[in-house]
Amino acid sequence: MNRAWRRKSSSGFVTEPGARPTPGFSRKGKGQKAKGNWQVKNRFMLIVFAFCSLPFAFCPLLFGFCLFSSAMKSYEKLLRDNKAWAAEQLKLNPNYFDGLAHLQTPEFLWIGCSDSRVPANEITGTQPGEIFVHRNVANLVINTDVNLLSVLDYAVNHLKVRHVIVCGHYGCGGIKAASTTTDFKPVLNMWLRSIKDVYRLHRKELDSIKNEEERYDRLVELNVVEQVTNLAKTSIVQRAWKNENRPHLHGWVYGLKDGIIKPVFEMNAGTPMDPIYEYTDL
Ligand code: ZN
């Protein structure tokens, strides 16, 4: 008899020539049984070895990935993430970019600080196309700043925005720097001078605040009030107030510690101000 019987072991089927199926194990001699056990063990060890070798097999891949990541320049990551973002938007809405490319009708002009922690869209939960943005150090409105005035003119007279928001933020580095007597060299000194003027206008109140951080925070708020007032002093805003009863001006302060925006000042269209600033022949 040369039939092969098969017994199911933990590692699969083992062929045993001449064996007969009996409960538990097959019919065979002592030597055959030992040989069968060795085969089972051998196969088991091979599987264990193969399993343990897997991480080493992936090592070159992991090493290559790490090398690739470290070699990628930081700005290249921005470009890669941009592609991922664009693909994600298209997945959510296949017409997303078609709509944006054809029309821009923002209702708001945002004048904020250049600080990277205060991105207008993110902190207001708005999408591209909803806010027209201008940013500079400490969100200043300076009447000789051609950049800002161009943005203001375009937003008010062409985009027809209904609201202009000046948004400062607590913990502003520009405000802190202006509160010191440090020489930051000509260009920065010139820019920060406007904040020192705000300090001088409100010195009595500010000097009475003994806690340094609280004093900075109050100067942030007062600076926003002054910048909104500076907007109202422009003929761009006053002409729009007279002809179209817009835009309304808002002064806000963003909290870095809690992410909340606090309104601190408002000037609706037509709000009276010191007569020396009001143009009577618009
Ligand atoms: Zn700032």
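Buried residues account for 22% of the 282 residues in the chain, where buried means that 20 or more other C-beta atoms lie within 10 Å of the residue's own, exposed means 12 or fewer, and partly exposed is in between, with C-beta atoms placed from the backbone. The model is a predicted one, in which local features need pLDDT of at least 70 and side-chain atom pairs count only at pLDDT 80 or more, while totals for chains, interfaces and linings use all residues. Residues are numbered from 1 along each chain as its sequence is written.

The chain holds ten helices and seven strands; these are DSSP runs, numbered from the N terminus, with helices being H or I of at least four residues and strands E of at least two. Among contacts between residues at least 6 apart in sequence, 59% join residues at least 24 apart, a contact being a pair of residues whose C-beta atoms, placed from the backbone, lie within 7 Å.

Five strands make up an open sheet of mixed pairing, in the order β4-β3-β5-β6-β7; two strands are taken to pair if DSSP finds at least two bridges between them. At the edges are β4 (131-136) and β7, each of which pairs on one side only. From one strand to the next the twist averages 20 degrees; axes here are lines fitted to C-alpha atoms, for helices over the stretch in contact, and angles run from 0 to 180 degrees between N-to-C directions.

Strand β5 (residues 163-169) runs parallel to β6 and is joined to β6 by seven bridges, with C167 opposite W252. With strand β7 (residues 261-267), β6 pairs in the antiparallel sense over six bridges. Here V253 has K262 as its bridge partner, and Y254 stands opposite I261. Six residues lie between the strands of this hairpin, and G259 takes a positive phi near 75 degrees.

Leaving aside residues up to four places away in sequence, I123 touches V118, Y254, G259 and I261. I123 and I260 are 137 residues apart in sequence, yet their C-alpha atoms are 8.3 Å apart in space. I123 counts as partly exposed because it has 17 C-beta neighbours inside 10 Å.

Now to the helices. Helix α9 (residues 212-232) lies across β5, β6 and β7, and runs at about 160 degrees to β6. Helix α7 (residues 186-201) packs with α9 at an angle of about 105 degrees, their axes 10 Å apart. The two helices are therefore roughly perpendicular, on a scale where angles under 35 degrees count as roughly parallel, over 145 as roughly antiparallel, 65 to 115 as roughly perpendicular and the rest as oblique. In this contact, I195, V198 and Y199 of α7 meet L219, L222, N223 and E226 of α9. The contact residues divide into five nonpolar, one polar and one charged; Ala, Val, Leu, Ile, Met, Phe, Trp, Tyr, Cys and Pro count as nonpolar, Asp, Glu, Lys and Arg as charged, and the others, Gly among them, as polar.

Helices α5 (residues 146-157) and α10 (residues 235-244) have axes that come within 10 Å and cross at roughly 10 degrees, so α5 and α10 are roughly parallel to each other. L152, D153 and V156 in α5 meet I236, V237 and A240 in α10. Five nonpolar residues, no polar and one charged residue form this contact.

Definitions and conventions
Two residues are in contact if their C-beta atoms, placed from the backbone, lie within 7 Å.
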